[in-house]
Amino acid sequence: MQIENFIGGKFIAPLKKTYLENLNPATGKITSRIPSSTNEDVEMAVEAAQNALDNWSQLSIDKRIIWLRKIASALESRKEDIAALESMDTGKPIALAKRVDAARSVSNFEFFAEHAENLSELNYKMSDATNYVTRKPVGVVGLITPWNLPLYLLTWKVAPALVMGNTIVAKPSEMTPLTANLLCEILTAIDFPEGVINIVHGLGPSAGQAILEHPNIKAISFTGGTATGKIVAQIAAPMFKKLSLELGGKNATIILDDADLPTAAKGAARAAFTNSGQVCLCGSRILVADNIYDEFVPLLISEVEAMKIGNPSDENTDIGSVISSNHMEKVLSYIDLATQEGGKISTGGSTLTLPSPNSDGAFIQPTLIEGLAIDSRCATEEIFGPVASIHRFFSEDEAIEMANITQYGLAGSVWTSNPARGKSVAERIDSGILWVNTWLHRDLRTPFGGVKNSGVGREGGDWSLNFFSELSNICVKDD
Ligand code: TXE
């Protein structure tokens, strides 16, 4: 499959005609070639976005909402294709791609259409004046997204950016171009206005960097690793671009001593190994109250060992491959490090060779490690793979201290039979998103984002609409 950039409503080759190979990590086979775009391609995309800005931003919000719903229904009709392409690009199980990636790509557009529809304009009355808060588009915005939830995270930014009247230059991860390309096919099929959404494929330091540096791109919404987030901030901040950074995580799953253990074991296993642990919200540290530790851990291990690792195209597969053989090596190096740091592997711990067509795939068994110090490298650095560590705590205060020990602060979950107790523990954890007796249960109206090295800013609901708007206040003196 030859992928091209999508600029000004047309599929066009990169000016330098250089391409990158894109693999299916579950088979090791090349599936597509994508443009290795340069700043000249980004320049062309920004020009197209600029040329489209007036017409798009001058459309009424109701007309833009209609377009969001057209995109949503077109995506809905292609859900099977979205899931199949996402699974091919990432190695994730087809059932997960359907249930999470495809479904959420549709609901992102549906949600922001409805949320924008209910947007009430703000004004504040004084005794002798009225303040009118007005909302204008930011202009041309840059979206840079990662490989773990490709279309889910791209549309999470595209939908609010569009409905607020902006035009877009977006770069998906070079490892997962296929569903962004499908979105472009859909935009063409529904005669979406040309130049409003432009997709430039390529490497971060070249195509991505060109987006960061372009003076006419007024806001950057970035989702990816913390290390890259620092680069994004270094470039965008001195240019006074609006910046939203959704970065890494090292989230705690806290099992309190009054938890319903079988339910908590299922929840902890799901939080740790969904998408092979390649979700920034994954619970990669499982903190267990000492007095139920010996009862809980065997339940957790059996939940993990019941997970079926296999061909991602098989509907019954729970665990597919990780994103690449390089990433597999990185994850395996952390498993080795864990044993050097005194950890004991309770289940998993190595790769898995599957029969054809997956014999060259990057498969790692879901792995649990006990006995690591809470401040060990494996328990504090983001591994972003199917690896979780289990730690014992002797008091609620200690559990909270352990949860807060890392440089990250994105998410977490607390499991208990007393929801009020769960909420009071959750309130003391320095993270942006916390669940009590559930995980990845998402209300899109809520603020999404992290603290510390997990990022800056919030997306979701009003927070997305405000990020993708320039708010002004007009104070009119009563006559
Ligand atoms: O990130 P990278 P990855 C985090 C997750 C993990 C990482 C995985 O925790 O750490 O993202 O995604 C582009 N200038 N989250 O490995 O390498 C790159 O091409 C400009 C958190 O892809 O940071 C890709 O398109 N761009 C999140 C994108 O940045 C550059 C949810 C991300 O790449 C660049 C999902 C550069 N110099 C993953 N270098 C959350 N909090 O929601 C790379 N890129």
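Modeller: What follows is a conversation about the ligand, a few residues and the backbone of this model.

Modeller: The model is predicted, so local features need pLDDT of at least 70 and side-chain atom pairs count only at pLDDT 80 or more, while totals for chains, interfaces and linings use all residues. Residues are numbered from 1 along each chain as its sequence is written, and side-chain values use heavy atoms, with hydrogens and water left out.

Colleague: Let's begin with the ligand; which residues come nearest to it?

Modeller: There are 29 residues around the ligand, and T145, E174, G224, L247 and E382 come nearest, where a residue is near if one of its heavy atoms lies within 4 Å of the molecule or strand in question.

Colleague: And which ligand atom lies 2.7 Å from a backbone N or O atom of L247?

Modeller: That is a nitrogen atom of the ligand. In the case of E382, an N or O atom of the side chain is 2.4 Å from an oxygen atom of the ligand, and W147 has a polar side-chain atom 2.8 Å from a ligand oxygen. A polar contact is a pair of N or O atoms within 3.5 Å; within protein, one must be able to donate a hydrogen and the other to accept it, and residues adjacent in sequence count only if both atoms are side-chain atoms.

Colleague: How much of the ligand does the protein bury?

Modeller: The protein buries 89% of the 830 Å² that the ligand exposes when taken alone, with areas from the Shrake-Rupley method and a 1.4 Å probe, and for residues only the protein chains shown count as cover.

Colleague: Switching topic, where is N198 found, and is N198 buried or exposed?

Modeller: N198 is found in strand β9, residues 197-199; helices (H or I, at least four residues) and strands (E, at least two) are DSSP runs, numbered from the N terminus. N198 counts as buried because its relative accessibility is 0%, given that buried means under 20% relative accessible area, exposed over 50%, and partly exposed in between (1.4 Å probe, protein chains only).

Colleague: What does the side chain of N198 reach?

Modeller: It reaches the backbone oxygen of G195, at 2.8 Å. Leaving aside neighbours within four places in sequence, N198 is in contact (heavy atoms within 4.5 Å) with residues including F6, I7, G8 and I168.

Colleague: Why is strand β12 called largely enclosed by the rest of the structure?

Modeller: Strand β12 (residues 251-255) is described that way because 5 of its 5 residues are buried. In a regular strand the side chains alternate between the two faces of the sheet. In β12 both faces are covered, with N251, T253 and I255 buried on one side and A252 and I254 buried on the other.

Colleague: Which strand does β12 pair with?

Modeller: β12 pairs with β13 (residues 283-289) in the parallel sense over 5 bridges, and two strands pair if DSSP finds at least two bridges between them.

Colleague: What about E341, where is that?

Modeller: E341 is found in the loop between α11 (325-340) and β14 (344-347), and E341 is partly exposed, with a relative accessible area of 25%. A polar atom of the E341 side chain lies 2.7 Å from the backbone nitrogen of R377. Not counting residues up to four places away in sequence, E341 touches L372, S376, R377 and C378.

Colleague: How many disulfides are there?

Modeller: The count comes to 0 disulfides, a disulfide being a pair of cysteine sulfur atoms within 2.5 Å. For C282, the nearest cysteine sulfur, that of C280, is 8.0 Å away, and C282 is buried, with a relative accessible area of 5%.

Colleague: Last topic, the backbone: what is phi of S276 near?

Modeller: Most residues other than glycine have a negative phi, and most peptide bonds are trans. Phi of S276 is near 55°, a positive value, and S276 sits in the loop between α9 (261-273) and β13. K452 also has a positive phi, of about 55°, although it is not a glycine, and K452 is found in strand β20, residues 451-452. The peptide bond from S356 to P357 is cis, with omega near 10°, and P357 is found in the loop between β14 and β15 (367-370).
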